[in-house]
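Work through the exercises below with the sequence and the model in view. Try each task before reading its solution.

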Amino acid sequence: HQQQQRTDLTLALLDLALDTHPNNMQLLYRKAIVLETNAQPAQAQHILKQLVRDYPDNADYLNALGYSLMVSQPDQLTQAIVYVERAYSLDDSNPAIIDSLGWGYYLRGELNPARTYLEQAWALLKDAEIGAHLGEVLWQLGEKHNARTIWQQALARDANYPVLLDTIKRFAPELLLSKDDHEN
C-alpha cells in the first residue's frame, strides 16, 4: 500500500494488525513513521513518546521522536536535540541518527558541526534526505557548487523524494528542469 501511496490503506492495515497484536512495538513504530511521513506529526509523536517511555534505550525510537519534534515544533528544538544526542550515544554509526544530529545543529545555526555530521551521514548512506540536508548546509556555507553536486547525486537516487524536491525548489530550481526544458 505504501508503494502505491495509499496511506489510508497502510494505516488501516497497521491498525488491524495492532488490534490483533496491541503490544507489538515494531507495528507501533511503523505506524508512527507512516503518520510522520504523511504530515501527521502530533499523532506520530504521541506514539513515539509512548515508545520512548517504554523503551528509553532504543536509539531508533529516540531519533524518530527527536527528528519529528525538530521539524514540526521549532520551539521544541532543545528537547529534540536531547533525544537525538541520546540516540547518538547509543548508536553513533547509524546514518539516520547522524543526519538528525547534523540537522539539529543546522537548525540551531551551528553550520560547521552540522556539516561534519551530515558529511559523515552522507558517506555512510547516499540517501535523498541526507543529501537534501547536506546540500542545504553547504549552500548556506557559500559552497553552492558542492551543494548542487550533492543534490544531483541525491536526485539520481530518488528523484521524487519530497524533502529533496522542496529543498532544491528553494535553492536551485534549475536542477529540476528536464533536459527538454533546457533545449527549448
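**Exercise 1.** Find which residues L51 touches, leaving out those up to four places away in sequence.

Solution. Contact means heavy atoms within 4.5 Å. Under that rule, L51 touches M25, L28, Y29 and Y61. This is a predicted model: local features need pLDDT of at least 70, side-chain atom pairs count only at pLDDT 80 or more, and totals for chains, interfaces and linings use all residues. Residues are numbered from 1 along each chain as its sequence is written, and side-chain values use heavy atoms, with hydrogens and water left out.

**Exercise 2.** Decide whether L28 is buried or exposed.

Solution. Start with its place: L28 lies in helix 2 (residues 25–37). Buried means under 20% relative accessible area, exposed over 50%, partly exposed in between (1.4 Å probe, protein chains only). L28 has 10% relative accessibility, so it counts as buried. Its contacts beyond four places in sequence are L18, P22, I47, Q50 and L51.

**Exercise 3.** Describe how helix 4 and helix 5 pack.

Solution. Take the ranges: residues 59–72 for helix 4 and 77–90 for helix 5. Their angle is about 155°, and the axes are 8 Å apart. That makes helix 4 roughly antiparallel to helix 5 (angles over 145 degrees count as such).

Note on methods. Axes fitted to C-alpha atoms, helices over the stretch in contact; angles between N-to-C directions. Helix = DSSP H or I, 4+ residues; strand = E, 2+ residues; numbered from the N terminus. Parallel < 35°, antiparallel > 145°, perpendicular 65-115°, else oblique.
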